[in-house]
Amino acid sequence: MPQRSKKSDDIGYGASGQAILDAVGKVLATQGPSAVMVGEICKEIGVAPSLVNYHFGGRERLLAAAVVHEFESLVAEMNRITYSTTTSAEDQLRNRIRYRLEWTAAHPGIDSMINYSHIIDPVGTVMQGELDTRIGQCTISDMVGLHTSVYGMYTGQVLDRPVATDESDQYPELFEITGYVALSALGLATWMTGHHPANRSVADEQPETVTHLADTFVERLIRHVRQELDGLAAGKAHGRSTS
């Protein structure tokens with residue numbers, strides 16, 4: 001349970017929603033939704049439990065809002081890392097994926113809720129309206145950040161901003177490679193959480209092995225992307241020479 005760091009009169013009425021989100025997010029991160037005791041959390045941070053309904057409309061909507069908030073924070077940090085890396089486009093991609101893995105290891109409960117919709121929305125009525133829109137926008141932002149690294153690797157640039165649509169549209173083949181990287185990184189992150197049934201015992205009993213395998217996979221993924229991009233560039237150069 002999160003430690004109480006503020007007195008009840010320190011949290012304003014308007015700020016109470018964010019305080020609840022942050023506290024719930026901490027519990028979700030490591031313990032998952034079953035560990036979220038809304039009444040106890042509200043008591044710990046010094047807000048009235050009735051504010052949960054006021055801000056979120058109930059427990060299920062609160063959990064979903066907390067997951068969306070944490071996902072937005074994850075994507076924002078991955079994009080910050082991508083756009084601030086200045087050594088090479090390969091490092092942009094490598095650092096982005098590694099941060100995703102580190103975040104997943106620290107937030108297994110939230111990661112599972114992001115990847116398995118029946119956990120965050122068991123009856124299909126929670127992730128609607130604003131939350132559904134925010135998830136969509138966040139997913140697009142995530143893909144743009146990832147595509148920026150792939151585009152940079154292909155063009156030999158280190159970009160400190162999202163690649164513009166008119167730039168990336170010149171190379172439609174890169175979107176397929178971006179999709180491949182996204183699915184590969186997502187699968188690896190999910191596998192590492194320890195919540196994946198096929199991996200739970202390995203993650204619990206041999207965490208060092210899982211970490212080593214993840215590092216090896218990332219490096220192989222980077223090399224594979226480089227080979228794909230080099231092959232694409234060679235094919236285009238050959239096409240121009242024979243036209």
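Helix 1 (residues 16-31) has buried residues, and the elements that cover them include helix 2 (38-45), helix 3 (50-56), helix 4 (59-84), helix 5 and helix 6 (108-115). Covering rests on contact, meaning heavy atoms within 4.5 Å. Helices here are DSSP runs of H or I with at least four residues, numbered from the N terminus; strands are runs of E with at least two. This is a predicted model, in which local features need pLDDT of at least 70 and side-chain atom pairs count only at pLDDT 80 or more, while totals for chains, interfaces and linings use all residues. Residues are numbered from 1 along each chain as its sequence is written, and side-chain values use heavy atoms, with hydrogens and water left out.

Which residues of helix 1 are buried? Among them are Ile-20, Val-24 and Leu-28. Buried means under 20% relative accessible area, with a 1.4 Å probe and protein chains only; exposed means over 50%, and partly exposed lies in between. Look at the spacing of those names. An α-helix has 3.6 residues a turn, so residues three or four places apart point the same way. After helix 1 comes Gly-32, with a positive phi near 85 degrees.

Now follow those side chains inward. A nonpolar core is a set of buried Ala, Val, Leu, Ile, Met, Phe, Trp, Tyr and Cys residues joined through side-chain atoms within 4.5 Å. The largest one has 37 residues, and Ile-20, Val-24, Leu-28, Val-36 and Leu-62 touch the most other members. Helix 4 gives the most to this core, with eleven residues. Another core lies apart from it, with 27 residues, including Tyr-151 and Val-210. In soluble globular proteins, nonpolar side chains tend to be buried together.

Next, turn to helix 5 (residues 89-106), where Arg-96 sits. Is Arg-96 buried or exposed? Arg-96 is buried, because its relative accessible area is 3%. Its side chain makes a polar contact of 2.8 Å with that of Thr-82. Such a contact is a pair of N or O atoms within 3.5 Å; within protein, one must be able to donate a hydrogen and the other to accept it, and residues adjacent in sequence count only if both atoms are side-chain atoms. Setting aside residues up to four places away in sequence, Arg-96 also touches others, including Met-78, Ser-141 and Leu-146.

Finally, step back. The protein chain has twelve helices and zero strands. Of its 243 residues, 44% count as buried.
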